[in-house]
Amino acid sequence: MNQYVVIKPHHSTYPDPITLKTGDKVIYGKEDTEYPNWVFCTSPSGKKGWVPKQILSQDELAHFAMISEDYSAHELTVKVGETLTGLHQLNEWTFCCRDTGEEGWIPDSCLKKIT
């Protein structure tokens, strides 16, 4: 695990993020042009959000996909100078953990690796 310092603030724009379980079937939407390999999906409950393409298995039906692992699109709202632990990095975003235990995604452009 790597340690990061926040060098640019980030504000979560999704207060009620999409969360998915392995085996969920989602509606496969548009792909992000700013951050490649993120797909805008709709969950069985109707929630919408960005999902990494790597955990989507295309269904035989063109606009559906199956989720291959549990996933949450929760983003952290962070301020410059905060220190976070990076748990994993994917598609120009890093899933981080605060000392409080709160976890969420941060764009790589907001972080600087310190260890």
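Me: Why is aspartate 16 called exposed?
Reply: Its relative accessible area is 51%. Exposed means over 50%, buried means under 20%, and partly exposed is in between (1.4 Å probe, protein chains only). So aspartate 16 counts as exposed. One heads-up: this is a predicted model, where local features need pLDDT of at least 70, side-chain atom pairs count only at pLDDT 80 or more, and totals for chains, interfaces and linings use all residues. Residues are numbered from 1 along each chain as its sequence is written, and side-chain values use heavy atoms, with hydrogens and water left out.

Me: What makes aspartate 16 and lysine 47 a salt bridge?
Reply: The closest N and O atoms of the two are 2.8 Å apart. Aspartate 16 is in the loop between strand 1 (2-6) and strand 2 (19-20), while lysine 47 is in the loop between strand 4 (38-42) and strand 5 (48-52), so the pair ties together parts 31 residues apart in sequence. Strands here are DSSP runs (E, at least two residues), numbered from the N terminus.

Me: Is lysine 47 buried, exposed or partly exposed, and what makes it so?
Reply: Lysine 47 has 28% relative accessibility, so that puts it in the partly exposed class.

Me: How many salt bridges are there, and which one does glutamate 31 form?
Reply: There are four in the structure. Glutamate 31 meets lysine 53, at 3.1 Å from N to O. Glutamate 31 sits in strand 3 (residues 25-31) and lysine 53 in the loop between strand 5 and strand 6 (56-58), 22 residues apart. Glutamate 31 has a relative accessible area of 37%, so it's partly exposed, and lysine 53, with 33%, is partly exposed too.

Me: How do you know that arginine 98 is buried?
Reply: Its relative accessibility is 16%, so it falls into the buried class. Arginine 98 also has a salt bridge with glutamate 82 (3.1 Å, N to O). Arginine 98 lies in the loop between strand 10 (93-97) and strand 11 (103-107), and glutamate 82 in the loop between strand 8 (71-72) and strand 9 (83-90), so parts 16 residues apart in sequence get tied together. Glu82, Arg98 and Glu102 are linked in a network of salt bridges.

Me: Why is strand 11 called largely enclosed?
Reply: Four of its five residues are buried, so the rest of the structure largely encloses strand 11. Strand 11 runs antiparallel to strand 10, and five bridges join the two. Strands pair if DSSP finds at least two bridges between them, so these two qualify.

Me: What makes tryptophan 38 and tryptophan 93 an edge-to-face pair?
Reply: Their ring centres are 6.4 Å apart and their planes stand at 65°, so the pair is edge-to-face. Here's the rule: rings of Phe, Tyr and Trp (its six-membered ring) pair if their centres lie within 6.5 Å; planes under 30 degrees apart count as stacked, over 60 as edge-to-face and the rest as tilted. Tryptophan 38 is in strand 4 and tryptophan 93 in strand 10, so the pair ties together parts 55 residues apart in sequence. Both tryptophan 38 and tryptophan 93 are buried.

Methods
A salt bridge is a side-chain nitrogen of Lys or Arg within 4 Å of a carboxyl oxygen of Asp or Glu.
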